[in-house]
Amino acid sequence: MLERTVRKSRDDIAALRLDLEVKGQRILLPGAGLPWFLTVFGRDTLITAYQTLVAGPSLAHGALLALARLQGTRCDDFSDEEPGKILHEVRSGELTRTGVKPYGPYYGSADATQLWLILLSEYWRWTRNDDLVRELRGNALAALDWVDHFGDRYVEYGTRSPEGLGNQCWRDSPDGVCFADGRIPVLPIATCELQGYTYDAKLRLAELADGPLADPALAERLRAEAAELYERFNRDFWIPERGGYYAVGLDGDKNQIDAKTSNMGHLLWSGIVPAERAGRVVAQLMSDDMFSGWGIRTLSRAERLYNALGYHLGTV
């Protein structure tokens, strides 16, 4: 059974491979899905590449190079492009070519930039390829500048494009981020996992700064910034009621968006959860309201908008 599962997973990943040329070099990277999403994505491509590193570094290598090649360089409202930002999605259809849609490429993703830094770190941990890290130094520092300068106290999102995504986290459906009582928050929104990714990315980049980037001053600064974010986040996002859990985000008025969601699990991955709270977060995720038996629901069934078939409102 395990052998069949591994073989099927390998075949499915192989079906998603994109074969591209970047700066004269042939590279492979994973697309986001079949049939409608077989294209370069930010978040989906990066997470898939991260998860397949155990089977080899080629997809991660390709994802890093392709997304660095398309990294934002200017401010453009229609495409939500900003300097240093990693894209959300690339399309080449008629509506994109004629300028009706902004997907050539579109940059409406508030997490892909941090995930690119996380993948760069994880790729280096597996391969110790110092040369690639040094080659991508400018891209890494540009990504860090975007994280630091295109938000308020936290990394947040709010589209400027008439065709842009309202939610630019992984919960990117119109009602994907909501209050427990069903209200939709006002923009800009700072979701919790964005802050966890930022915390992780800064610590990982500090490790690279101590290593192949040879910049101990940067490493010291990043660790100090990560420590400050850790304290501030755990003060502003923690909700002690209902057993204790993390708000899915802060809205444009800095109110806690109090729905219980699976985003808490992303925080455990990032390391931003204190040890004394980790057990409470796990208990929330494995509670009857959150755990279906097949997996963790995207939204607790105790919340007003819960829908077992809703894209980000209760599906696993």
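Student: Which residues of α7 are buried, and what makes them count as buried?

Tutor: In this predicted model, the buried residues of α7 are Asn139, Ala140, Ala143, Leu144, Trp146 and Val147. They are called buried because that word means under 20% relative accessible area, with exposed being over 50% and partly exposed in between (1.4 Å probe, protein chains only).

Student: How do you know that the buried residues of α7 line one face of the helix?

Tutor: Seen down the axis of α7, they fall within an arc of 155 degrees, so they line one face; the arc is that of the directions from the helix axis to the C-beta atoms. On the other side of α7, Gly138 and His149 are exposed.

Student: What do the buried residues of α7 pack against?

Tutor: They pack against α3, α5, α6, α8 and α9, where contact means heavy atoms within 4.5 Å. Helices here are DSSP runs (H or I, at least four residues), numbered from the N terminus.

Student: What is the span of α7, and what is expected?

Tutor: With 13 residues, α7 reaches 18 Å from its first C-alpha to its last, close to the 18 Å expected at 1.5 Å a residue, the expected span being 1.5 Å times one less than the number of residues.

Student: Which residues touch the most other members of the largest nonpolar core?

Tutor: Among its 43 residues, these are Leu64, Trp116, Leu119, Leu120, Leu136 and Leu205. A nonpolar core is a set of buried Ala, Val, Leu, Ile, Met, Phe, Trp, Tyr and Cys residues joined through side-chain atoms within 4.5 Å.

Key
Residues numbered from 1 in each chain as written. Predicted model: local features only at pLDDT ≥ 70, side-chain atom pairs only at ≥ 80, totals over all residues. Heavy atoms only, no water. Helix = DSSP H or I, 4+ residues; strand = E, 2+ residues; numbered from the N terminus.
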